[in-house]
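This report describes selected strands and helices of one protein model. The sequence and the structure are shown first.

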Amino acid sequence: MNGYKCIKRAERPSAYSTGAFNLCCDALGVSRSGITLYSVVGEGTASAWVIPEARQYNDGRYFPAGHRFIFYDPEFLSRLEVSYNSAWPSIGVMAHEIGHHRAWAKNPDRTRDNWDCEQAANYYQGWAMAILGAGRADIELRHGNRDKDNGSKTHPSSYHIMRAIGQGWKDAGGEKNTSSKEPDFLKPDLRWWPDEQPRTPS
Ligand SMILES: [Zn+2]
């Protein structure tokens with residue numbers, strides 16, 4: 001789904017999502033106010049967008065050309081938390097999307113090869129996770145099956161993804177971190193779902 005359709009269905013993020021977003025932005029030195037975070041239920045993924053033209057959002061909000069967005073599906077992130085019994089994979093997704101904006105700072109039209117874009121975002125994902133306290137096992141939770149795939153047209157293989165995440169994590173001092181302690185904001189009563197519309201994942 002493209003960014004415009006996501007804007008139409010977007011809902012304000014939960015406090016939990018905003019907390020994760022803020023921590024990842026700070027870890028990567030990205031301005032929190034430069035990106036608008038929205039929840040899009042049922043999208044099945046998370047994505048980073050830059051809108052080329054000014055746009056009026058249907059709740060009346062106006063966004064100038066070049067405005068940055070991150071859309072995330074709360075169900076997708078909740079499912080990751082449940083299947084890995086850890087908050088780190090979903091925090092990693094948030095860091096990855098912010099990493100796209102960090103990497104596109106000088107290249108908003110996304111003209112580079114998509115694998116390069118992905119690897120840059122993966123690098124920043126590892127970097128942010130190291131700053132937030134993730135250990136080696138935490139960064140490998142989602143991409144540890146190194147021999148199982150060859151990647152796709154748009155996304156590198158798990159092996160390449162893990163190399164980029166690992167490099168970012170190392171460069172940010174991850175090897176010195178042995179705590180693996182999840183950041184303090186991860187409270188069980190606050191989740192990825194939009195605050196205004198609590199739901200039960202189906
Ligand atoms: Zn990506």
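In S5, Phe69 is the bridge partner of Trp49. The model is predicted: local features need pLDDT of at least 70, side-chain atom pairs count only at pLDDT 80 or more, and totals for chains, interfaces and linings use all residues. Residues are numbered from 1 along each chain as its sequence is written.

Helices (H or I, at least four residues) and strands (E, at least two) are DSSP runs, numbered from the N terminus. Two strands pair if DSSP finds at least two bridges between them.

| Partner of S5 | Bridges | Direction |
|---|---|---|
| S1 (residues 35-39) | five bridges | parallel |
| S2 (residues 46-50) | five bridges | antiparallel |

Ser39 stands opposite Tyr72 in S5. Five of the five residues of S5 (residues 68-72) are buried (20 or more other C-beta atoms within 10 Å of the residue's own, with C-beta atoms placed from the backbone). Arg68, Ile70 and Tyr72 point one way from the strand, and Phe69 and Phe71 the other way. In a regular strand, side chains alternate between the two faces of the sheet.

Helix H5 (residues 114-132) has 15 of its 19 residues buried, so it is largely enclosed by the rest of the structure. After H5 comes Gly133, with a positive phi near 105°.

Helices H2 (residues 15-28) and H4 (residues 88-103) pack at an angle of about 50°, with their axes 9 Å apart. Axes are lines fitted to C-alpha atoms, for helices over the stretch in contact, and angles run from 0 to 180 degrees between N-to-C directions.

Conventions
A residue is buried if 20 or more other C-beta atoms lie within 10 Å of its own, exposed if 12 or fewer, and partly exposed in between; C-beta atoms are placed from the backbone.
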